[in-house]
Amino acid sequence: MHEGTETQPAHFDLTNARIAYRWASSRELQRAAMIYRLMSWRWATRWGSKILAWSVQHGLPGISLVRGSLFRQFFAGETLSECQQLGDKLAPFGVGAVFNYAVEGAGDEASFYASYQEILATIPIAALHKPGFAVFKMSALCSPELLTKLSAQRSLTRQEEHALSLLRTRIDHLAHECSHHEISLLIDAEESWGQAAIDTLSLELAAKYNAQRAVVYLTLQMYRHDRLAYLQQLSQESREKGYFLGIKLVRGAYLELENLRASTQGLPSPLYQSKGETDQAYNQAITFSVEQDGQIALFLGTHNLASSQLLAELLSRQQDKSRIPAAFAQLLGMCDFLSFNLAKYGFRSYKYIPYGPIRQAIPYLLRRAEENTALESQVPFELQLLKQELKQRKEKSS
Ligand SMILES: Cc1cc2nc3c(=O)[nH]c(=O)nc-3n(C[C@H](O)[C@H](O)[C@H](O)COP(=O)(O)OP(=O)(O)OC[C@H]3O[C@@H](n4cnc5c(N)ncnc54)[C@H](O)[C@@H]3O)c2cc1C
């Protein structure tokens, strides 16, 4: 809990608009409202995304349009120092920053090395506001083909063996630096066909660095129907081997891709077939993790109000509030109502803050636009809160 927090009631109101937006200027809120209004028109977003991807690919002036809109809403900027400024702006409100170099790999050794250097540079900056987190995607540091081959346990060429050895050295150094700077390291989850390798490599690090506390966090995507059992298995194994388990819980970002691949290959989908089943598994994973009495450190990456409320309630029922390390996080530009209200109640709350060169940010930005359009209730709800706050400010100033 940080200073200036309110005492916790039995039920948490995580939708207070005044608290959600007090960190932002009215101009910023107007821009956010405009983007949310556009995203609430499904057809506009679908067509806009297609036109944008095409115009960027063909060197047409789509970039300047993106810079003033999606990029400003969902990205901190192009450099780590721009991120740091944003981190400093969030800190007084009890909201931490997780700097996420969100460049999607060019796929050669030079780009893997450059990404590695960039991720390394985020660690001392993340350590300025403790407790801090660094984050990376395994596919930013090696080719997705390597992860797929490793996951399928196919034999590697000599060149691939070398790439794997480089990868192991680099991720070990990232974990070592996080341990040294007393922060934690989140490892993102990706497509299921490369995930077994990501899990194995992450667990090697966890076994090495998590003896005293959870330095390394694996990510579990709860839209996969095998993940609840996997969580239980990991919990037992880590207990037996004597290390803490760090878990970032998400629902999963590759729904369409996973289902498409399964159907084209004639395989059963690894995912639940309904949102309700995913929600149920997600919430069961929260409850199970809290019941492990501190053995599992939880990082809840979600924009879902009910799941956030569930964890908040479970934590508030604990006698010793510091016993269960748990944090909440939302992506920059989305669901500030959760981030800032959770922080106001004294929970550890973070924004995932992507940054990187604008051209390479396009795939990430298009995913955010698509994702926000796909979510039936979230965009209208957030838009309603933004309007409410803007109206209140106008009334106050007149
Ligand atoms: C801080 C943070 C970190 C993240 N890190 C990762 C990561 O490392 N890897 C990753 O894959 N994603 C990551 N995500 C994205 C995440 O997986 C979700 O895509 C996104 O957050 C939306 O889910 P939700 O829980 O926020 O919201 P909700 O709106 O409650 O849930 C939407 C999600 O439900 C699931 N869903 C929807 N329809 C169905 C259906 N018919 N059947 C089954 N499931 C369905 C999908 O996963 C969909 O994304 C991260 C998100 C955040 C906030």
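## Around the ligand

β4 (216–221), α13 (275–291) and β7 (326–331) each put at least two residues into the shell around the ligand. β7 is the biggest giver here, with three residues. Keep in mind that this is a predicted model.

The ligand has 27 residues around it, and the ones that come nearest are Asp-188, Arg-251, Ala-253, Gly-301 and His-303. Sorted by class, the shell holds 12 nonpolar, 12 polar and three charged residues.

## The sheet

Now for the strands. Eight of them make an open sheet with parallel pairing, and the order reads β1-β8-β7-β6-β5-β4-β3-β2. The edges belong to β1 (95–101) and β2 (133–136); each has a single partner strand, so one side of each has no neighbour in the sheet. From one strand to the next, the twist averages 30°.

Further in, take β5 (residues 245–250) and β6 (residues 296–301): these two run parallel and are joined by five bridges. In that pairing, Leu-245 sits opposite Ile-296 of β6.

## A helix pair

Two numbers describe a pair of packed helices: the angle between their axes and the distance between those axes. For helix α9 (residues 158–180) against helix α10 (residues 192–209), the angle is about 35° and the axes are 10 Å apart. The crossing of α9 past α10 is right-handed.

Terms used. Residues are numbered from 1 along each chain as its sequence is written. This is a predicted model: local features need pLDDT of at least 70, side-chain atom pairs count only at pLDDT 80 or more; totals for chains, interfaces and linings use all residues. A residue is near a molecule or strand if its C-beta atom, placed from the backbone, lies within 6 Å of it. Helices (H or I, at least four residues) and strands (E, at least two) are DSSP runs, numbered from the N terminus. Ala, Val, Leu, Ile, Met, Phe, Trp, Tyr, Cys and Pro count as nonpolar, Asp, Glu, Lys and Arg as charged, and the others, Gly among them, as polar. Two strands pair if DSSP finds at least two bridges between them. Axes are lines fitted to C-alpha atoms, for helices over the stretch in contact, and angles run from 0 to 180 degrees between N-to-C directions. A crossing is left-handed if the near helix is turned anticlockwise from the far one by less than a right angle, and right-handed if clockwise.
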